[in-house]
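Colleague: I'm new to this one. Please take me through its helix packing, slowly and close up.

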Amino acid sequence: MKTNLCVFVFLLACVCVWSQQPTLGDKIEKEFDVTAVPDKWKNESAVIIGQKTEYLFTRLASGRKFTTIVRIKEYIHKRIKLQDKNALEKFSTFYYVTMGRDGKAEYKVIKADGKQIDIDMKSAIEEEKDIPSIYKPIYYKLGIKFLKIAIPDLEVGDIIDYNVRSTIDWDMRTEGIAFTPFIFSLANNYPTLYQQYRFTLVDGMKVRFKAFNGAPNLKMDAKASLFGDNLSYVAYYLQDKDREKTIEERWNYELRNTPSIKFRVIMLADNDPDSKALGMAYVDRTFLDLGDMYRRFAGAAFYKTTTGNTLIAYTTEYISKKRADGVIKTDDDIIRETYYCLRKVFLEMYYRGPVHSELEKSMTGKKLYKKVLEKEKKEETKKEEREDEIRMNSVVFASAFRAALGVQGIPAEMFVYMPRKLGAWRDALFLEELDFVMKIKTRKRNYYFEAFNNFDAFAAPYEYLEGVEGYSIGYTEVNQYYRTPGPVTTFNDNLDKQEYTVSFPESMDVIKVERVSSYTGYDKGSRIGQANLDREYLNVDFQKYFVDQQKEKDKSKKKKEDEVMEITSNTTKYEDPDKEDRKKKRTELFETDVKGEFDLDKYEGFELVKDGRYGDSAILQYKEKFTLKKLLSKAGRNYVFEAGKLIGGQIKLEQNELATRQSDIWLPFARTIDNNIIINIPAGYTVDGLQDLKFNVDNESGSFVADSKVEGDKLVISTRKIYKKNFDKKELWPNYIAFLEAAYKFSQAKIVLRKK
């Protein structure tokens with residue numbers, strides 16, 4: 001009996017050693033007891049009294065051995081004082097986010113007299129739309145659920161207090177040993193008295209950490225840590241006090257302008273609890289290792305697939321024949337034609353290939369293959385669908401482009417960069433922050449290439465590459481990489497140009513408009529797919545880059561990794577039975593766009609002039625005809641015409657924007673917006689009010705210049721708005737106010753058509 005008791009005690013001790021772990025939310029700091037806010041924040045709509053976010057990383061065990069499962073627990077606690085009616089409206093609905101299956105929330109309202117009202121959370125429902133930023137957690141992973149619940153009878157002076165708990169199990173076999181990074185800002189839309197972020201880690205883990213823009217450093221909390229002979233939990237935290245609110249500003253990258261944190265937990269130990277690598281969790285403050293960067297990305301350009309082999313084989317045959325015929329001579333010509341031929345073969349594989357194949361899965365990986373799987377599951381017999389815009393897999397593209405150019409003796413490089421919104425290269429901490437494109441150097445210039453879609457033109461600029469920092473990886477020798485700045489476009493590269501011809505019917509009840517729209521650079525990106533919805537461009541591609549496959553092929557058996565699909569047909573024409581339906585849809589889409597700009601009376605037609613897919617400028621251009629209402633109003637014998645509105649909606653700065661600017665100005669790119677308007681003056685009328693259509697504001701950041709004049713029976717109006725840079729310091733914000741305000745005032749200008 002005594003022996004059995006000893007064994008029981010021993011087993012109990014073992015269980016306690018392995019099961020003992022910290023608990024979340026058991027300590028509420030004294031800062032959460034505050035009910036009064038500082039006088040400087042008395043006029044704020046709401047004040048965050050306290051917010052605390054905790055994460056606990058533990059490992060599940062089976063007997064004396066760890067499993068591959070890491071359990072991550074999350075606890076969020078916030079306490080907010082509501083100080084005006086606007087706050088009552090915004091907080092009348094409580095939103096929260098849970099992870100895993102057992103997420104739950106608690107919510108209470110503390111009245112001014114101290115009375116506490118608990119909210120029954122059973123009536124919470126799921127929310128499909130995006131939720132306000134104040135409710136968003138700093139960590140999103142596995143089993144995310146958005147919920148909401150109405151909070152009744154809130155009053156000015158109330159304090160809301162809520163907490164959210166979640167638990168997820170991370171399987172390192174499928175998810176890896178490096179957990180999803182935490183990248184977040186300490187800034188809030190409301191002033192914050194106190195905030196704390198806490199991470200507690202079991203043995204065998206490390207933390208990659210870096211603070212930016214004055215954010216507090218991470219500290220170890222020895223009192224909150226649990227130290228044992230067999231297992232320990234080490235707690236780290238950072239806290240921040242008296243943080244002023246951050247105003248949401250246009251052209252702002254939050255992580256570059258506000259105190260921000262990058263934090264990641266990484267598993268170091270293996271599955272053996274006795275491993276020497278199993279030590280207490282610690283903080284790794286080292287920077288991104290360039291060797292790791294090279295090893296992570298260099299191999300992407302050597303990835304072999306049947307899809308890639310096919311792209312290379314057909315493109316090589318085409319380019320080699322054109323070179324032999326003397327049609328293609330320079331390296332720049334070879335690079336351009338290789339790019340376009342790859343694009344043609346890619347599109348032919350997609351639009352002429354069978355739906356039931358691995359091809360769509362490897363080339364798109366998006367909605368189409370999901371449709372295929374659903375179709376196979378239901379055993380339905382519906383017509384095959386092809387998306388109107390697809391983008392090639394970036395790894396397959398890198399491999400195919402590098403190899404195809406290599407056959408022609410032209411070396412390619414990979415450009416690995418840090419997205420501008422995340423920071424400069426020196427701010428990179430995780431490999432997952434980085435991305436890549438291909439880069440080719442010639443005597444003329446450096447070319448950058450993203451994996452193309454249906455419409456990307458040769459060496460077209462990519463908005464997300466604008467002004468980035470990165471490294472080029474070469475393939476002529478091992479471990480070849482060097483620092484490289486990313487491309488920067490000018491305001492001449494990115495053009496939005498509108499040319500109007502305006503006339504009036506005898507009834508003078510509407511205005512008749514013929515418009516020619518032209519776009520280059522970044523400005524065409526959001527329109528080019530819609531403009532090419534008829535797929536006529538496929539006929540151009542298939543004919544120009546046709547590869548004659550009549551000659552005998554090598555029939556010898558190839559290794560699986562060297563296999564090539566035979567995809568090119570003997571016809572250069574793309575048969576499209578649904579073309580008319582798509583043209584009708586295109587017209588409807590552009591009609592909807594005009595409705596978003598003006599009060600549309602009738603949309604009368606669309607004509608594509610240039611598809612934007614070829615040429616050095618690769619201009620997208622189309623014509624439209626429509627009639628508009630409500631821009632012309634009768635005033636006695638005369639008519640008032642709101643001519644300024646023809647240049648489209650202009651930015652209207654809010655009062656707070658006119659007063660101050662908190663953050664530096666991160667524009668997406670430099671650009672030019674031109675409007676040329678010819679108005680046919682109705683017979684028997686003259687024009688008054690031209691002085692309101694003249695502006696000349698020009699400074700180092702941008703400009704708005706407008707002019708108007710009467711030439712015979714026509715009124716000619718021209719405007720040009722230029723954003724000259726992609727970045728400015730906040731001290732230059734008055735420059736932007738000057739030309740933005742001028743453009744807005746012009747858009748409100750009216751002229752009078754005066755009866756003679």
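Modeller: Axes here are lines fitted to C-alpha atoms, for helices over the stretch in contact, with angles from 0 to 180 degrees between N-to-C directions. Helices are DSSP runs (H or I, at least four residues) and strands likewise (E, at least two), numbered from the N terminus. Keep in mind that the model is predicted, with local features needing pLDDT of at least 70, side-chain atom pairs 80 or more, and totals for chains, interfaces and linings using all residues. Numbering starts from 1 along each chain as its sequence is written, and side-chain values use heavy atoms, without hydrogens or water.

Start with helix α6 (residues 306–324) and helix α10 (residues 394–407): their axes come within 9 Å and cross at roughly 30 degrees. That makes the two helices roughly parallel (under 35 degrees). On the α6 side, T307, G308, L311, I312, T315 and T316 do the touching (heavy atoms within 4.5 Å), and they meet V396, S399, A400, A403, A404 and V407 of α10. Sort those contact residues and you get 7 nonpolar, 5 polar (Gly counts here) and no charged ones (Asp, Glu, Lys or Arg).

Technical notes:
Angles under 35 degrees count as roughly parallel, over 145 as roughly antiparallel, 65 to 115 as roughly perpendicular and the rest as oblique.
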